[in-house]
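Please look through the sequence and the structure shown here before reading on. The report then takes the parts in turn.

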Amino acid sequence: MNRCEVCGKAADIHHIVHKSEGGLDFPLNYKYLCGEHHRGKHGPHRDNSIDIEYKLEFQYKLQQVLYKKYYGFDELIDMLELNKSKAKRILKGLKLYKEGYYTEDIIYKLMGSKKYEEYMMHEYKDFIPIFYSV
Ligand SMILES: [Zn+2]
Ligand SMILES: [Zn+2]
């Protein structure tokens, strides 16, 4: 059984970059959350600053895992525990240099073609939370 990363109760998989945002189904994009910490008031689907916080964590984790400047196709499969079709989806449209694919391009794509910054955590505070379908 998976346990909630916040409180330790039984948990479901949350996709940090939601599928509707272009997030992929692979282990690094998972966060285990119980019902309340997933879809409750203080979960990422209802609290935008928590959503952004988890995305910043994920983006940082990707920067740690992908520490080289360029990666080849097979290397990326190993580093991110992907299958071939998911790796192809990520790399589709990215420029292939003679050293490989540029890591910053890969991370940008994995984040749903977006770069997350600290200030974004506070950006939505005055707005009504957006409800996502995933
Ligand atoms: Zn919880
Ligand atoms: Zn979720």
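The sections below describe a predicted model, starting with its metal sites.

## The first zinc site

Four residues coordinate the zinc ion (ligand 1): Cys-4, Cys-7 and Cys-34 through their SG atoms, and His-37 through ND1. The distances are 2.0 to 2.3 Å. The angles that the four donor atoms subtend around this zinc ion are 101 to 116°, and the arrangement is therefore tetrahedral. As a point of reference, the ideal angle for four tetrahedral donors is 109.5 degrees.

Along the chain, the donor residues of the zinc ion (ligand 1) have the spacing C-x2-C-x26-C-x2-H. Cys-4 belongs to the segment before strand E1 (12-15), while His-37 is in helix H1 (residues 35-39), so this pair ties together parts that are 33 residues apart in sequence. Cys-4 and His-37 are both buried.

The zinc ion (ligand 2) is coordinated by three histidines: His-14 uses its ND1 atom, and His-38 and His-45 use NE2. Here the distances are 2.0 to 2.1 Å. The spacing of these donors in sequence is H-x23-H-x6-H.

Which parts of the chain does the pair His-14 and His-45 tie together? His-14 is in strand E1 and His-45 is in the loop between H1 and H2, so the parts joined are 31 residues apart in sequence. Both of these histidines are buried.

## Helix H2 and its cover

Helix H2 covers residues 48-65, which is 18 residues. From its first C-alpha to its last it reaches 26 Å, close to the 26 Å expected at 1.5 Å a residue.

Which residues of H2 are buried? Among them are Ile-50, Ile-52, Tyr-54, Leu-56, Phe-58 and Leu-62. The buried set also includes Asn-48, Ser-49, Asp-51, Lys-55 and Gln-59. In an α-helix there are 3.6 residues a turn, so residues three or four places apart point the same way. The cover over the buried residues of H2 includes strand E2 (30-33), helix H3 (73-80), H5 and helix H6 (120-123).

## The three-stranded sheet

Three strands form an open sheet in the order E3-E5-E4, and their pairing is antiparallel. Strand E3 (70-71) and strand E4 (96-97) are the edge strands, each pairing on one side only. In general, strands of a sheet pair through backbone hydrogen bonds, either parallel or antiparallel.

E4 and strand E5 (residues 100-102) run antiparallel and are joined by two bridges. Tyr-97 has Gly-100 in E5 as its bridge partner. Helix H5 (residues 103-110) lies across E3, E4 and E5, and runs at about 60° to E5.

## Around helices H3 and H4

Leu-82 is in the loop between H3 and helix H4 (84-91). Its relative accessible area is 8%, so Leu-82 counts as buried. Beyond its neighbours within four places in sequence, Leu-82 is in contact with Phe-26, Leu-76, Ile-77, Ala-87 and Ile-90. Leu-82 and Leu-24 are 58 residues apart in sequence, and their C-alpha atoms are 9.7 Å apart in space.

Glu-81 is found in the loop between H3 and H4. Glu-81 is exposed, because its relative accessibility is 57%. Its phi is positive, about 50°, although Glu-81 is not a glycine. Lys-86 is in helix H4 and is partly exposed, with a relative accessible area of 22%. Not counting residues up to four places away in sequence, Lys-86 touches Leu-24 and Asp-25. Lys-86 and Asp-25 are 61 residues apart in sequence, but 8.3 Å apart in space from C-alpha to C-alpha.

## The loop between H5 and H6

Ser-113 lies in the loop between H5 and H6. Ser-113 has a phi near 55°, a positive value in a residue other than glycine. With a relative accessible area of 39%, Ser-113 is partly exposed.

Glu-117 is placed in the loop between H5 and H6. Is Glu-117 buried or partly exposed? Its relative accessible area is 34%, so Glu-117 is partly exposed. Leaving out residues up to four places away in sequence, Glu-117 touches Ile-52 and Leu-56; Ile-52 and Leu-56 are among the buried residues of H2. Glu-117 and Gly-8 are 109 residues apart along the chain, and 28 Å separates their C-alpha atoms.

Notes
Residues numbered from 1 in each chain as written. Chains lettered and ligands numbered in written order. Predicted model: local features only at pLDDT ≥ 70, side-chain atom pairs only at ≥ 80, totals over all residues. Heavy atoms only, no water. Pairing = 2+ DSSP bridges. Helix = DSSP H or I, 4+ residues; strand = E, 2+ residues; numbered from the N terminus. Contact = heavy atoms within 4.5 Å. Axes fitted to C-alpha atoms, helices over the stretch in contact; angles between N-to-C directions. Donors = N, O, S within 2.8 Å, 3.2 Å for Na, K, Ca; no water. Tetrahedral: all angles 85-135°; square planar, octahedral: opposite > 155°, others 65-115°. Buried < 20%, exposed > 50% of the residue type's maximum accessible area, 1.4 Å probe, protein only. Expected span 1.5 Å × (residues − 1).
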